[in-house]
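Have the viewer open and follow along.

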Amino acid sequence: MTQTVEPRSSNGAGTSDDRTELYIGGTWVAPHSTETLEVFSPTTGERVASVPLADEVDVDTAVRTARAAFESGVWSQKPAAERAAVLERVADIIDERAESISALVSSEMGAPPSAVDMLQKLPGTGVLRSYAEAARTYDWTEYRTGLFGTTRITREPVGVVGAITAWNVPLFLVCNKLGAALAAGCSVVLKPAPETPRTANAIAEIFAEAGVPDGVISVIPGGPETGKALVAHPDVDKITFTGSTAAGRQIGAACAESLKRCSLELGGKSAAIVLDDVDINNIPMMVFLGLFNTGQACVAQTRVLVPANRKDEIVAAMIEAAKAMKVGLPSEADSQLGPVISKRQLEKIEGYIAKGKEEGATAALEGGRPEGLDDGYFLTPTIFTDVTNDMTIAQEEIFGPVLSVITYDDVDEAIAIANDSDYGLAGTVWTADVERGIEISEKIRTGTFGINFYAIDPGSPFGGFKNSGIGRECGPEGLEAFIEHKSTMLPMGYQVS
């Protein structure tokens, strides 16, 4: 899901969005690094800003600041209800400034502001409020009677958290990472994707404005080397990462070396199982769930499994729905799909389309670069038919507007195809019989699933099976991921008042 952006030296064209300082512990400070990270608009390909690229010394400064704040208890020992109130205030401020925040996110990653509002702002504020509620109702202290008398069980923050996020939904990811860690009482050093550092800086400032004390949050923009320094730092107690499975493996291995806790939210290749009783009017929603965010979503329903006896009808409805999703400039009110993140990603997607044809798939709807949008990285949707599940386009995460239609003869075959993947993040089933859908959901090896719909619910656990990751985010389970459990044996015969 993430890409490496090579740092480039400034072209000398300063803008009001250029930053020369790093946000460390709630204060803008001069970096040790002399390198800059240039931010380019995927809509125009033009440079829009620059920020300092944090080096190993900057990472150390941020981590030490976070450690000092954690040990001081300024946030970690604050009552959970007070931490919850701060998170809710953050959500309120984001709602109040939704228009300007959506415009900022759009300028960095290209999605139309309306899509940012629906797919990032709404779930972002949703998880903040969900974590606030979880913190208020969580059983932070418990007493148990066992073989040797009474044990006092306490739940405590894991410590200093290194959070590494992807570029595809930066507003949501920053809210999700910071919300969970802060609800638990942790301090956080955030490394945003190199494509979207300004969103991270802006949201971090809102957390401080809402009441997060100095020292608790730092932002260290950079590429892989910055991330490696954060993961390797001995004073970081936990890493939470959202990104590619390849990068997740490296991070998991590095964390294992030092027995550092880690949560990994990785890739997906989700299957939408269309049953023979499907309402054809639901097909546009299914197509949307495969193409939203221009296909740049780990939960996108990109493998569409259709019954052979209804293939023609379903494919025709899919093509009609895909054509109706306008690819256009984020500034145009009716645009639904913006550009992909970069020229490199555009060329990668085109390579997958070529590979699909080469392996025998048929482009029932062939995407291309739309006329009049030559400056940015725009691509219209592609729908492949005659796909078999062993093809590259059916097994690898493309992260673009490409759907693969695979036919089946009976439901057992469809379930087998859906499970025949290295991934297990999301999936859906499309049927007129909800009970039948529930029965099928129990046979699919994914962490999340939907019946005639799909969404990441802020109050319910989100995460994957297999190569889609380790751990869960959202809801009480997401809070629990940032907590350590301590058992204190009380003297035999001691009575808890």
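## Thr448 and the ground rules

Let's start at Thr448, which is buried, with a relative accessible area of 12%. Buried here means under 20% relative accessible area, exposed means over 50%, and partly exposed is in between, using a 1.4 Å probe and protein chains only. Thr448 sits in the loop between helix H14 (434-441) and strand E19 (450-451). Helices (H or I, at least four residues) and strands (E, at least two) are DSSP runs, numbered from the N terminus. Skipping neighbours within four places in sequence, Thr448 is in contact with Leu425, Ala426, Gly427, Tyr454, Pro461, Phe462 and Gly463, where contact means heavy atoms within 4.5 Å.

Keep in mind that this is a predicted model: local features need pLDDT of at least 70, side-chain atom pairs count only at pLDDT 80 or more, and totals for chains, interfaces and linings use all residues. Residues are numbered from 1 along each chain as its sequence is written, and side-chain values use heavy atoms, with hydrogens and water left out.

## The loop between H12 and E16

Helix H12 (392-395) and E16 are joined by a loop that holds Phe399, and Ile398 is in the loop between H12 and E16 too. Ile398 is buried, at a relative accessible area of 3%. Leaving out neighbours within four places in sequence, Ile398 touches Lys269, Gln345, Ile349, Tyr352 and Ile393.

What about aromatics? The structure holds four aromatic pairs, meaning rings of Phe, Tyr and Trp (its six-membered ring) with centres within 6.5 Å; planes under 30 degrees apart count as stacked, over 60 as edge-to-face and the rest as tilted. Trp167 and Phe399 have ring centres 5.6 Å apart and planes at 80 degrees, so this pair is edge-to-face. Trp167 lies in the loop between strand E7 (160-164) and helix H5 (170-184), so its pairing with Phe399 ties together parts that are 232 residues apart in sequence. Trp167 and Phe399 are both buried.

## Two positive phi angles

Most residues other than glycine have a negative phi. Leu259, not a glycine, has a positive phi of about 55 degrees. Leu259 belongs to the loop between helix H8 (245-257) and strand E11 (261-265), and is exposed at 68% relative accessible area.

Asn293 isn't a glycine either, and has a positive phi of about 60 degrees. You'll find Asn293 in the loop between H9 and E13, where it counts as buried at 7% relative accessibility.

How far apart are the end C-alpha atoms of H10? They are 20 Å apart, which agrees with the 20 Å that the 14 residues of helix H10 (residues 311-324) should span at 1.5 Å a residue; the expected span is 1.5 Å times one less than the number of residues.

Ile314, Val315, Ala317, Met318, Ile319, Ala321 and Ala322 of H10 are buried. The buried residues of H10 pack against several elements, including helix H9 (283-291), strand E13 (303-307) and strand E16 (402-408).

## H3 against H4

Helix H3 (residues 98-109) and helix H4 (residues 113-137) have axes that come within 9 Å and cross at roughly 100 degrees. That makes H3 roughly perpendicular to H4. Angles under 35 degrees count as roughly parallel, over 145 as roughly antiparallel, 65 to 115 as roughly perpendicular and the rest as oblique; axes are lines fitted to C-alpha atoms, for helices over the stretch in contact, with angles running from 0 to 180 degrees between N-to-C directions.
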